Amino acid sequence: MKVRDLAELAGRNLREAVLRNSLTTLGIAVGVASLVAMLSLGVGLQNLASERLSRTGLFDAVFVTPRANFEGFGGPRQANPAAAVTAQPLDEDARSKIAALANVGEVYPEIRFPTEIHYEGNPYPTIVAGVPASARGDGAFDGMKGAFFSGPSADEAILQIDLARQLSSQTDSLLGKEIVLRYAERQPLPADSGGGKSAGGGFSIVPREEKLRIIGIVETEPAAGFGGFGRGRLLIPLQVAETLRAAQSNDLRDLLRDTPTRRTYESLTVRVKGTSNVKAVEDAIKQMGFGAFSLLDASRNLSIVFAVFDLFLGIFGSLALVVASLGIINTLVMAILERRREIGVLKALGAADRDVRRLFFVEAGVMGTLGGIFGVFIGWLIGRAINFGTNVYLSRQNLPAIKVTAVPWWMVAAAIAFSIAVSLAAGIYPASRAARLDPVEALRYE
Amino acid sequence: MAATDKLAIRVEHVTRNYQMGSTLVRAADDVSLDIRAGEFVALLGSSGSGKSTLLNLIAGLDRPTSGAIFAHDRNLAEMSSEDLAKHRSHTVGIVFQAFNLLPRMTLEENVELPLRLAEVERNERTARVREAVERVRLSARLTHRPTELSGGEQQRAALARALVNRPTILLADEPTGNLDSATGDEIMALLREINESGMTIVMVTHEQPRAERFAHRMILMKDGKIVSDGDRA
């Protein structure tokens, strides 16, 4: 029998027992909806995490440090082919060379130093961190009170909420207020200073003050540092932080160099254009004689975690579809019993076993297709409801809206295909049973 | 039209056994017969005599336990189930006592069904259906469902369905069994008319007087065996 005739006969048969077939199709739809809702939650959360993480700038960044000639934590390091390259000072020259590498968008130093701020006559010791202008787009500043820096050289400060609470119980009242930043400035000494045994050069540490206006308060920790070590509580524009020439922890190392007045950086952050270029830039920097690492491996691990998460959500979602497939088997077996005589007539009129088998397969396939389409729609609606409910909760917490579920096109196609596949698999037994019916017995059936 | 010398059906030492629990039932027992093309044969016998079993074997709905059945020189016993389906589709047309029309289809759709199964092109189907329905004089009832037709009309519709694929052999299993006397005669007259156009007809019936009026040849079966075979007197 031709496909069109099969489809017409199958459609006619399905319409014949419309209530039972509709309920079976609805069962499939519920199964598919459960699968789609689960997967859309998994994909949505993955998208959300990826988006948030990429906005932090951690995954398109390479962190550069001068190569140290001593072992770090965790025992001896593994053999590194780049180890043979001569260690280079991480100074302004190095910064320029790294900035000139292909696919490098921005290179900026990690500047953080201890300070004591004065507000309404009281001192508050804390850590200052320089924030590049490009951090404006990072998710860390979403939902902040006040505003981001008006310009790269603005004498403005953003307070981390913990520091703001120390300064005032009414944190909102701090916006627009002035604070005094007291810090240690590094001032170069003349070459002949230091007496007879001096190697020459060097610098002195001088206390300085700088007035800053509070323009924002942020609840996240944009300058937490790795592992939260040296958390920056007072954020100032990076350009301002550089011009302050504040003494930092690596100054002692600079003092021991042949050129102590030439300032080096403790670390540089290199923002790469596209995460796919991170590895190449990282390798190029290592070849230049610097230590470099990125969080790509962490990103890969995150993908694995989400893949496993999606897998489990998919398995739980599929359980309903498996139950629905039992409904298909039941419906079609019932149809065989009811249409036993009709199957006999079809065979007497020339239908081959193959025709009868295909007829039942098409009926299962039609239920699977309709159930799949309807199920995807219901699953999408459930996803929308989850989004809506989540955002109602978030808005009550004064947090920005997010999208926790996503139904991409591939999921729509995959869910419908899966529904059809499960339905056809469920149709194998009834279809084979119908095809095997003895026509003489079937025609005798009342 | 008189029967020709050409054989339409040859049955050679056919036996059909059924296992009913622990009992072996011999429904057809070493049956042999030849039916010439154009013959109108009535298979007579009481219930359980094996006449319907023989008809089912000739129809290709069942397979013999032993022996051979030739339809136009092709042995049904050696055919695959796919080839048997083609035999039922193209070589034979079957009508039943209970008509067996599909109740949710109109008369036109019922008659079209064998054409769908035989994969006849759509543009040819309408003409073939009209031709078959005109032959049984039911053109005015094309859009009616079986429940809207009388018993006689239903059997005529079943006849049109059996004829629509232009088979060479028509097999009828008690075609008047569910009809009153007058309507039964109408159907028999129609069968004779079809036979006169050259169609071989094998009809199972238990109504000997009616068979004597319409059939050329009567074969009497008892306990799975042919007990008499002769032309109408």
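Start at the contact between the two chains of this predicted model: select the 16 residues from chain A and the 18 residues from chain B that take part in it. On the side of chain A that touches chain B, colour α1 (3-16), α9 (340-348), α10 (353-396) and α12 (439-444) of chain A, the elements that give two or more residues each. By class, this side of chain A has eight nonpolar residues, one polar residue and seven charged residues.

Next, go to chain B and select helix α3 (residues 107-117) and helix α4 (residues 122-135), whose axes come within 10 Å and cross at roughly 120 degrees. Roughly perpendicular ends at 115 degrees and roughly antiparallel begins over 145, so α3(B) is oblique to α4(B). The crossing of the two, α3(B) and α4(B), is right-handed. Show side chains here: from α3(B), E108(B), V111(B), E112(B) and L115(B) meet R125(B), R128(B), V129(B), A132(B) and V133(B) of α4(B). Five nonpolar and four charged residues make up this contact of α3(B) with α4(B), with no polar ones.

The largest nonpolar core has 121 residues, and V36(A), L43(B), A160(B), L171(B), I201(B) and V202(B) have the most contacts inside it. Helix α2 (residues 18-56) of chain A gives the most to this core, with 12 residues. Centre on V36(A): leaving aside residues up to four places away in sequence, V36(A) touches G375(A), V376(A), G379(A), W380(A), V407(A), M411(A) and A415(A).

Last, select A164(A), L238(A), V278(A) and A292(A), which are included in a second, separate core of 49 residues.

Notes
Residues are numbered from 1 along each chain as its sequence is written. Chains are lettered from A and ligands numbered from 1 in the order in which they are written. This is a predicted model: local features need pLDDT of at least 70, side-chain atom pairs count only at pLDDT 80 or more; totals for chains, interfaces and linings use all residues. Two residues are in contact if their C-beta atoms, placed from the backbone, lie within 7 Å. Helices (H or I, at least four residues) and strands (E, at least two) are DSSP runs, numbered from the N terminus. Ala, Val, Leu, Ile, Met, Phe, Trp, Tyr, Cys and Pro count as nonpolar, Asp, Glu, Lys and Arg as charged, and the others, Gly among them, as polar. Axes are lines fitted to C-alpha atoms, for helices over the stretch in contact, and angles run from 0 to 180 degrees between N-to-C directions. Angles under 35 degrees count as roughly parallel, over 145 as roughly antiparallel, 65 to 115 as roughly perpendicular and the rest as oblique. A crossing is left-handed if the near helix is turned anticlockwise from the far one by less than a right angle, and right-handed if clockwise. A nonpolar core is a set of buried Ala, Val, Leu, Ile, Met, Phe, Trp, Tyr and Cys residues joined through C-beta atoms within 7 Å. A residue is buried if 20 or more other C-beta atoms lie within 10 Å of its own, exposed if 12 or fewer, and partly exposed in between; C-beta atoms are placed from the backbone.
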